[in-house]
Amino acid sequence: MLRFERITKSFGWRRIFQGIRGELAPGVYALQGPNGSGKSTLLGILSGAIAADAGEVWINGVSLQTAPLPARQGLSYAPDESPIYPFMTGCDLLDFVAMAKKTRVGSDILELVAQFGLDPHLQTRFSAMSLGTQKKFMLSAAWIGDPQVMLLDEPSNGLDNHAREILAQRIRLRGLEGLALFASHDATFVEACGANILRMEHLKSPEHCNHCNARETIQICY
Ligand SMILES: Nc1ncnc2c1ncn2[C@@H]1O[C@H](COP(=O)(O)OP(=O)(O)OP(=O)(O)O)[C@@H](O)[C@H]1O
């Protein structure tokens, strides 16, 4: 469902990772590792938002490098920080993402918007929203088009407890028929999502897999 080979990335002289490989079956995965280990960078590369120096990514067997448009149709990515124009409203964002995905904002999205308590903020500009409200809109938009593969960077950051529960439930459901891969330092949230743990150290050094427990490495051993 999500496969990546030989992913390498440096910023200037600094090598962040080299030769990362993985093949993930449907399910829920939490990407964990120390600050600065490259989790956000890897999610950005897997989504196509950040260019890798080398390597290839396949979404449902479609190469993100050679067929980016079809590959992205089955994919959504919610970065940790909102890259939205400050003058856009919540409603604008949902419409914009729906248009980009060649679909419409369906009842499932409106249900999530309501569960997140976003209805009063649909006409609010992003510049006037709290960070948590911005995050909820970004996450709601990530479900538009029913993407099979969802990449979420620190999705529980800034969310209140109720929103975290709603989100964990949605992520668990996605893992039943698709794939959700998210970076998180939030152990309680990771557990609520029922996520398999993927550690950056193991992705960077797959030869170490023999020393790890099966739950952590079953999807990434070669
Ligand atoms: N655009 C950039 N230019 C230069 N260096 C960058 C850039 N983006 C990330 N880095 C560096 O790459 C390294 C990995 O960053 P990244 O944000 O991917 O780590 P992370 O594991 O997500 O960290 P955290 O847990 O703190 O969110 C860091 O040292 C960071 O400073």
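Here we go through the words one at a time.

Me: What kind of model is this?
Reply: It is a predicted model, so please keep that in mind as we go.

Me: Why is G19 called partly exposed?
Reply: Let's set the count against the cut-offs. A residue is buried with 20 or more other C-beta atoms within 10 Å and exposed with 12 or fewer. G19 has 14 C-beta neighbours inside 10 Å, so it counts as partly exposed. You will find G19 in strand β2, and beyond its neighbours within four places in sequence it is in contact with R6 and T8.

Me: And what makes E154 buried?
Reply: The cut-off for buried is 20 or more. E154 has 20 C-beta neighbours inside 10 Å, so it counts as buried. E154 is placed in the loop between β7 and α6 (161-177).

Me: How is D146 classed, buried or partly exposed?
Reply: With 15 C-beta neighbours inside 10 Å, D146 is partly exposed, because buried needs 20 or more and exposed needs 12 or fewer. D146 belongs to the loop between α5 (131-142) and β7.

Me: What about strand β4 and β5: how many bridges do they have?
Reply: Strand β4 (residues 54-59) and β5 share 2 bridges, so they meet the cut-off of at least two. Their pairing is antiparallel, and I59 has V62 in β5 as its bridge partner.

Me: What makes β2 and β5 edge strands?
Reply: Picture the open sheet of 4 strands in the order β2-β1-β4-β5, with antiparallel pairing. β2 and β5 (62-63) each pair on one side only, and that makes them the edges. Helix α1 packs on this sheet, touching β1, β2 and β4, with its direction at about 125° to that of β1.

Me: Which strands are at the edges of the sheet of 5 strands?
Reply: That open sheet has parallel pairing and the order β6-β7-β8-β3-β9. β6 (75-78) and β9 (196-199) are its edges: each has a single partner strand, so one side of each is left without a neighbour in the sheet. Inside this sheet, strand β7 (residues 149-153) and strand β8 (residues 179-183) run parallel and are joined by 5 bridges, and L151 stands opposite L181 in β8. Helix α1 lies across β3 (27-32), β6, β7 and β8 and runs at about 150° to β7.

Me: Why is α1 called largely enclosed?
Reply: Of its 9 residues, 7 are buried, so the rest of the structure largely encloses α1. Among the buried ones are K39, T41, L42 and L43.

Me: Which helix gives the largest share of the shell around the ligand?
Reply: Helix α1 (residues 39-47) does, with 3 residues. The residues around the ligand include K39, S40 and T41, along with F11, I16 and A183. By type, the shell has 3 nonpolar, 7 polar and 1 charged.

Me: Which residues touch the most other members of the largest nonpolar core?
Reply: This core has 59 residues, and those with the most contacts to other members are A30, L31, A141, A142, A180, L181 and C193. Beyond its neighbours within four places in sequence, C193 is in contact with V28, A30, A168, I171 and R172. As background, nonpolar side chains tend to be buried together in soluble globular proteins.

Definitions and conventions:
Residues numbered from 1 in each chain as written. Predicted model: local features only at pLDDT ≥ 70, side-chain atom pairs only at ≥ 80, totals over all residues. Near = placed C-beta within 6 Å. Nonpolar A, V, L, I, M, F, W, Y, C, P; charged D, E, K, R; others polar. Core = buried A, V, L, I, M, F, W, Y, C linked by C-beta atoms within 7 Å. Contact = placed C-beta atoms within 7 Å. Axes fitted to C-alpha atoms, helices over the stretch in contact; angles between N-to-C directions.
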